[in-house]
Every structure is written in structure tokens, then in C-alpha cells.
Amino acid sequence: MTEITGPEALARVAELVQDIDITMLTTTDDEGNLVSRPMSTRQMDDAGDIWFFTAEDTEKVDEARQNHDVGLAYCDAKGMRYVSVAGTAEIVHDRAKMEELYSASLEIWFADGLDTPGIALLKVTPKVTEFWEPAKGKLALAAGALKSLVTRDTPDDDIMNHGRIVC
């Protein structure tokens, strides 16, 4: 596996997060269970924070307030691209940031747009981020995997790119 670190890894994570869009946000409920639900990413900013819109009267917001530690799991199964984020969550009421990130597609959930009562932003600040993707495209990855099946040998080390960022 080819390891990618530093600014190159951070830039790649930002591209993957924007491309994949939907993530599974994992919080911890009152009984200590891990609970996940899909969220649409609005932005990964220059500081590395990941932003989402949410309604304030939801279980995910209650859970994030009680236990700020959250997880994000991005999966593009067809492209064989994956991102995992362990971070801390914060509920933000910043009208200027909301105006920057808002789009008409959100009116499905927020009928009155930014004037919807209880609208808020959920900001996730990463602590540890990892990603995996094919090093030479998914066709090369599939060919390498097939070769390994036929020869009963382990795949080449450079079949996947892996990056890890610790903040």
C-alpha cells in the first residue's frame, strides 16, 4: 500500500469528501450504542472542518451535544474509494456560514430555507482521518486482485493508496 501523508493527503481527503458527498454520521446514544445516519456534506473547509445542515430538534444533535466524539464514513463502492473520520461535533448558529453553504436543494428538509425554525449547522472537526483508494485506477486494482486469485499470491503492495492524517 502506498502511504500518502501531509498536505497531499489533506488535499486528497478534501477531494474525496466533496466527490462522495453522502457520509454516515455516527454518534453515541444514551445507552452507549453507536447510531449512524446518512448526511450530505456541504463543505470541507480550508481548516479541515466538515460542515452539514441539520434540524436542531433531532436525536443526532442531542447525541452530539452529550458526546462530542463522532465518526464519519464515506464510501464510494463503485470507485473503491473510502474515507473514515474520527472527530468532534459542534452545533453552530452562524448565519453568514449558513448563507455560504445553503442551496435550494436543501428545501426538501428546510421548507422556509434559512428562516426555518431550528435550522443549524453541524461542524465536525477531524482528529484522525484515513482514506483508501485504488493507486492505479479501479481496473488495475481488479486486474491485480484477479491475478492474486489465480496465482494464490498476495496482491502487490502498491495496489491501494492509503492516507492518514492526525490533527
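Predicted model: local features only at pLDDT ≥ 70, side-chain atom pairs only at ≥ 80, totals over all residues.
View 1. Glu99 is partly exposed, with a relative accessible area of 47%. Arg95 also counts as partly exposed, at 40% relative accessibility. The two form a salt bridge, with the closest N and O atoms 3.2 Å apart.

**View 2. The salt bridge between Arg164 and Glu130.** The closest N and O atoms are 3.2 Å apart. Arg164 belongs to strand E9 (residues 160–166) and Glu130 to strand E8, so the pair ties together parts 34 residues apart in sequence. Arg164 is partly exposed, with a relative accessible area of 41%. The whole structure holds 13 salt bridges.

**View 3. The salt bridge between Glu56 and Arg65.** Here the closest N and O atoms are 2.4 Å apart. Glu56 counts as partly exposed at 22% relative accessibility. Arg65 is partly exposed too, with a relative accessible area of 40%.

**View 4. A negative surface patch.** Asp30, Glu31, Asp57, Glu59 and Asp62 form the patch. Asp57 lies in the loop between strand E5 (50–55) and helix H2 (59–66). Asp57 is exposed, with a relative accessible area of 71%.

**View 5. The largest nonpolar core.** This core has 25 residues. Phe52, Leu72, Tyr74, Val83 and Leu122 have the most contacts inside it. At least two core residues come from each of H1 (6–20), E5, H2, E6 (69–76), E7 (81–92) and E8 (119–134). Helix H1 supplies the largest share, five residues.

Note on methods:
Residues numbered from 1 in each chain as written. Heavy atoms only, no water. Patch = residues over 30% accessible without salt bridge, like charges linked within 9 Å, V, L, I, M, F, W, Y side chains within 5 Å. Areas by Shrake-Rupley, 256 points an atom, 1.4 Å probe, with all protein chains shown as cover. Salt bridge = Lys/Arg side-chain N within 4 Å of Asp/Glu carboxyl O. Lys, Arg positive; Asp, Glu negative; His and termini not counted. Charge placed at Lys NZ, Arg CZ, Asp CG, Glu CD. Helix = DSSP H or I, 4+ residues; strand = E, 2+ residues; numbered from the N terminus. Buried < 20%, exposed > 50% of the residue type's maximum accessible area, 1.4 Å probe, protein only. Core = buried A, V, L, I, M, F, W, Y, C linked by side-chain atoms within 4.5 Å.
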